[in-house]
Amino acid sequence: MEMWFWLALASAVTGGIGAFTHKVAAVWNVDITVLNTYSSVISATILFCCTWYFAGFDSFWTLSTVIAFVGATTYLFTLILKVESLREIDSAIFFPLYKVSGPLFAIILGIIFFSESFSRTEWLGLTFSLLVPLLLITRSENTRQKNLYRGIYILLVASVVGSISIALFKYGTDITQNVWLYLLVSDLFLAFSSVLVLLRKYKSGTVLHMKSETTPRSLKLVGVMGLAQASGAATIIFAFSVGGTLGIVYTINSLYILIPIVLSIIFYNEHWNLRKAVAILLSVMALALLQ
């Protein structure tokens, strides 16, 4: 197997860990924007050291810098929307549906903007993945979830915005001359965007709000988020840089859904049944075909 595949798979593992921290943030009812600001600083520090050691800081002011800014901004909105959706629906509903819709939109963008093409087997995998929502959305789920339809609506919006974000990062990777520096710039812009959102929402009370959200428990979560963010970004961006296509890499990355679902069942006793198990198994089979 090629290097891009292993990097994409590694991004799925780190992405799954990061996704579970978002679920924890939703359960703890903490401000994800504040935590994301802290975690971006940690991630940027890690990437700064990697950039300094492996690549240097040449080619900073380029078109890819602008793309990094736009991609980071859209990613931030994706993160906020994901947490809002998780407040309404369980992880076992959210993550499989997000796994289906996100790669679907990414594949469409890959075909339109990157002239990507896929085999019959890959199209069969995509068809299988579209069956997953039919297994997950039932009348009983509407009563079990806080607000099923609102949660799914927010999820779909997050999927569209997230797909645009990953397509921007793919385009930036294709045109940049320094991948490590591109990663660093993206993280710095993400942290800056988080601060702007906080300032717009809380204005002069931003510092007090950040202090109220900063607890020993949240700082531990931030540490995990920062490590997951740095490693997840590096693996998926380098998967693109060594030849991975937008649709396939993003679809493999979507394997991350297995980690937060299992962890949510273990730690939060979320609902589980055979129907959901079959849906997740079907999504994994679809991913195998899409590889």
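1. Is F20 buried or exposed? F20 is buried, with a relative accessible area of 13%, where buried means under 20% and exposed over 50%, with partly exposed in between (1.4 Å probe, protein chains only). F267, by contrast, is exposed at 55%.

2. The model is predicted, so that local features need pLDDT of at least 70 and side-chain atom pairs count only at pLDDT 80 or more, while totals for chains, interfaces and linings use all residues. Residues are numbered from 1 along each chain as its sequence is written, and side-chain values use heavy atoms, with hydrogens and water left out.

3. The structure holds eleven aromatic pairs, counted when ring centres of Phe, Tyr or Trp (its six-membered ring) lie within 6.5 Å, with planes under 30 degrees apart taken as stacked, over 60 as edge-to-face and the rest as tilted. The rings of F20 and F267 have centres 6.0 Å apart and planes at 40°, so this pair is tilted. Because F20 belongs to helix α1 (residues 3-28) and F267 to helix α13 (residues 258-268), the pair ties together parts 247 residues apart in sequence; helices here are DSSP runs (H or I, at least four residues), numbered from the N terminus.

4. One aromatic cluster is formed by Y53, F54, W180 and F238.

5. Two charges sit over rings, a description that requires NZ of Lys or CZ of Arg within 6 Å of the ring centre and within 35 degrees of the ring normal. K170 lies over the face of F114, at 6.0 Å from the ring centre, and R217 lies over the face of W28, at 4.0 Å.

Technical notes: Helix = DSSP H or I, 4+ residues; strand = E, 2+ residues; numbered from the N terminus.
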